[in-house]
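This report describes selected features of a single chain, moving from individual residues to the elements that hold them. Please read it beside the sequence and the coordinates.

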Amino acid sequence: MKYETAPAEKSTVKVTMTFDAAEWAEANNQAYLKNRKKYAVNGFRKGKVPKHVLETFYGKGVFYEDALNLLYSQHYGEVLEKEKTNFTVVGDPSLAVEDLTDEKVVLSATVPVKPDVKIETYKGIKIRKIEYTVTDADVEKDIESTRDRLAEKVEVTDRAAENGDTVSIDFTGKADGKEFDGGSAENYDLTLGSHTFIAGFEEQVVGMKLGETKDVNVTFPEDYQAENLKGKPAVFTVTLHKITGKKLPELNEEFAKKMGSDSVEAYRAKVKERLIKNAESKSRNETEFSILSEIAKGASAEIPDAMIETQEDYSLRNMEYNLMYQGIKLDDYLSYIGSTREAYKKNFEEEAKTTVLQQLVLEKIMKLEKIEATQKEIDAKVAEQAKSVGKNAEEYKKTIDPRQLEYIENDIKVTKTFEFLMANNEMYIDPVERNEEKLVSKPKSAAKKAGGEKAEGETKPKTAAKKASAEKTAGETKPKTAAKKKES
């Protein structure tokens with residue numbers, strides 16, 4: 001077999017494989033031996049019909065398709081292995097038969113490959129550094145959140161409904177004076193302040209007393225999922241049957257011990273330490289995203305569709321995992337909003353293009369700067385992981401999947417690359433936006449993806465996909481109602 005490769009359009013490579021008469025005849029014979037038991041001809045036992053007889057009965061090309069598949073399966077991978085230093089395949093090939101005679105067969109495979117990326121500059125740029133700090137107020141807020149999470153539920157009979165309460169209500173909705181589908185429910189449990197229902201609904205239930213009936217006036221949003229209700233005013237007649245409040249545990253030594261600390265002050269210190277670590281991680285992730293975003297503004301690459309689709313799939317899987325942790329199946333969620341996996345995946349398209357370009361930018365800089373991970377650095381990282389699980393480093397290393405070692409190596413290279421970029425660019429902190437909650441938590445995206453697929457036991461980096469995951473609302477475990485806000 002002879003082969004040649006040539007660049008094709010949109011970051012693809014065309015692999016052309018030529019097989020001579022003997023190779024083609026051998027492939028045909030292998031196809032005959034593989035399939036002869038499928039055929040029966042009068043005068044011959046099944047599976048014993050000679051090849052030339054079957055070709056007479058069923059046509060000369062009866063085994064051609066299988067023979068071509070055999071040639072492809074036996075030689076395509078061999079070609080890719082030989083050419084792996086010249087290009088990296090990122091998707092399935094498009095196959096074609098260029099020529100087919102008794103003397104030779106010419107097969108071609110046009111395969112998407114990782115494109116080269118052109119970068120205007122990646123040094124000497126002014127780049128915003130993101131920095132989060134932790135205040136005493138942040139610590140108290142986290143403690144209050146924990147107390148709220150561990151609060152005891154108590155039935156309330158001596159006051160009106162307040163934010164944070166869970167109320168059991170009946171409601172009937174009308175638009176244009178008529179009831180509409182999904183606008184009614186009985187004994188519906190609604191947590192006030194959860195923003196489960198459309199704007200204005202929960203706010204008007206706050207202050208209602210047990211047994212009270214009240215008309216709640218709202219307007220459906222313009223992007224509401226039901227066409228007949230978009231932008232329309234509606235009136236819900238609400239009756240409140242039950243109020244369930246919360247009794248928060250006291251912040252005392254007993255509570256601190258339950259949380260693993262000897263005293264309230266020790267508990268506060270522990271919470272602050274955790275928040276500082278989270279803030280540092282968030283600052284680092286967002287700064288890395290900021291660096292790649294700025295450099296990518298001057299970068300270009302002819303990205304094949306296969307790479308975009310792979311990233312979209314990755315984002316959809318992330319969304320599926322996030323929903324799973326909330327007890328929701330992705331297919332159930334998509335059914336509820338009237339979508340499918342393929343259709344919903346397109347929501348990630350632009351994000352996927354950005355992520356892939358940033359991955360390519362990061363890899364190109366690594367290559368240009370010859371950034372590598374030394375064996376000493378890899379061993380140190382393995383020892384660190386071994387210590388975290390209470391194992392000896394040498395014994396632990398023997399149990400590591402090769403893919404995990406590859407991930408560790410790439411993680412080191414990525415860290416060193418960002419250290420290089422921070423040292424060689426003008427990093428600044430905007431004091432106005434410093435530590436503001438409105439800052440969107442951006443991903444490490446390309447940072448850890450550059451090393452390939454996830455290995456067992458590794459922690460995958462954050463990606464923009466997580467931002468697309470739907471948040472759970474009470475309605476996803478309750479009857480569908482038109483009072484609920486749009487969920488997509």
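Ser-283 is found in helix H7, in a model that is predicted. The residue counts as buried because its relative accessibility is 8%, where the limit for that class is under 20%. Its side chain reaches the backbone oxygen of Ala-279 at a distance of 2.7 Å.

When residues up to four places away in sequence are not counted, Ser-283 touches Ile-130, Glu-131 and Tyr-132.

## Helix H7 against helix H11

Helix H7, which spans residues 264-296, meets helix H11, residues 349-368, with the two axes coming within 10 Å and crossing at roughly 90°. H7 is therefore roughly perpendicular to H11, since angles of 65 to 115 degrees fall in that class.

On the side of H7 the contact is made by Phe-289, Leu-292, Ser-293, Ile-295 and Ala-296, and on the side of H11 by Leu-357, Gln-358, Val-361, Leu-362 and Ile-365.

## The four-stranded sheet

Which order do the strands of the open four-stranded sheet follow? The order is S1-S2-S4-S3, and the pairing is antiparallel. Strand S1 (2-8) and strand S3 (94-100) stand at the edges, each with a single partner strand, so that one side of each has no neighbour in the sheet. From one strand to the next, the twist averages 20°.

The pairings can be followed strand by strand. S1 and S2 are joined in the antiparallel sense by seven bridges, and Ala-6 has Lys-14 in S2 as its bridge partner. These two strands form a hairpin with three residues between them, and Lys-10, in the turn, has a positive phi of about 45°. S2 and S4 pair over nine bridges, again in the antiparallel sense, with Lys-14 standing opposite Thr-110 in S4. S3 is joined to strand S4, residues 104-112, by six bridges, and this pair also runs antiparallel; here Ser-94 stands opposite Thr-110. Helix H1, residues 21-35, packs on the sheet, where H1 touches S2, S3 and S4, and the direction of H1 makes about 90° with that of S2.

## Thr-12 in strand S2

Thr-12 lies in strand S2, which covers residues 12-20. Is this residue, Thr-12, buried or exposed? Thr-12 is buried, because its relative accessible area is 14%, against a limit of under 20% for that class. A polar atom of the Thr-12 side chain lies 2.6 Å from the backbone oxygen of Glu-9.

With its neighbours within four places in sequence left aside, Thr-12 is in contact with Ala-6 and Pro-7, and also with Thr-110, Val-111, Pro-112 and Val-113.

## Residues with positive phi

Most residues other than glycine have a negative phi. Asn-187, although not a glycine, has a positive phi of about 50°, and its place is in strand S9, residues 178-191.

His-195 is likewise not a glycine and has a positive phi of about 60°. It is found in the loop between S9 and helix H5 (201-205), where His-195 is partly exposed, with a relative accessible area of 48%.

## Ile-337 and the chain overall

Ile-337 lies in the loop between helix H9 (330-336) and helix H10 (341-345). At 24% relative accessibility, Ile-337 counts as partly exposed. The C-alpha atoms of Ile-337 and Gln-225 are 7.7 Å apart in space, while the two residues are 112 residues apart in sequence.

For the chain as a whole, the secondary structure comes to 16 helices and 13 strands. Of its 488 residues, 40% count as buried. Among contacts in the chain with a separation of 6 or more, 71% are accounted for by residues 24 or more positions apart.

Definitions and conventions
Residues numbered from 1 in each chain as written. Predicted model: local features only at pLDDT ≥ 70, side-chain atom pairs only at ≥ 80, totals over all residues. Heavy atoms only, no water. Axes fitted to C-alpha atoms, helices over the stretch in contact; angles between N-to-C directions. Parallel < 35°, antiparallel > 145°, perpendicular 65-115°, else oblique. Contact = heavy atoms within 4.5 Å. Buried < 20%, exposed > 50% of the residue type's maximum accessible area, 1.4 Å probe, protein only. Polar contact = N/O pair within 3.5 Å; in protein donor to acceptor, adjacent residues only side chain to side chain. Pairing = 2+ DSSP bridges.
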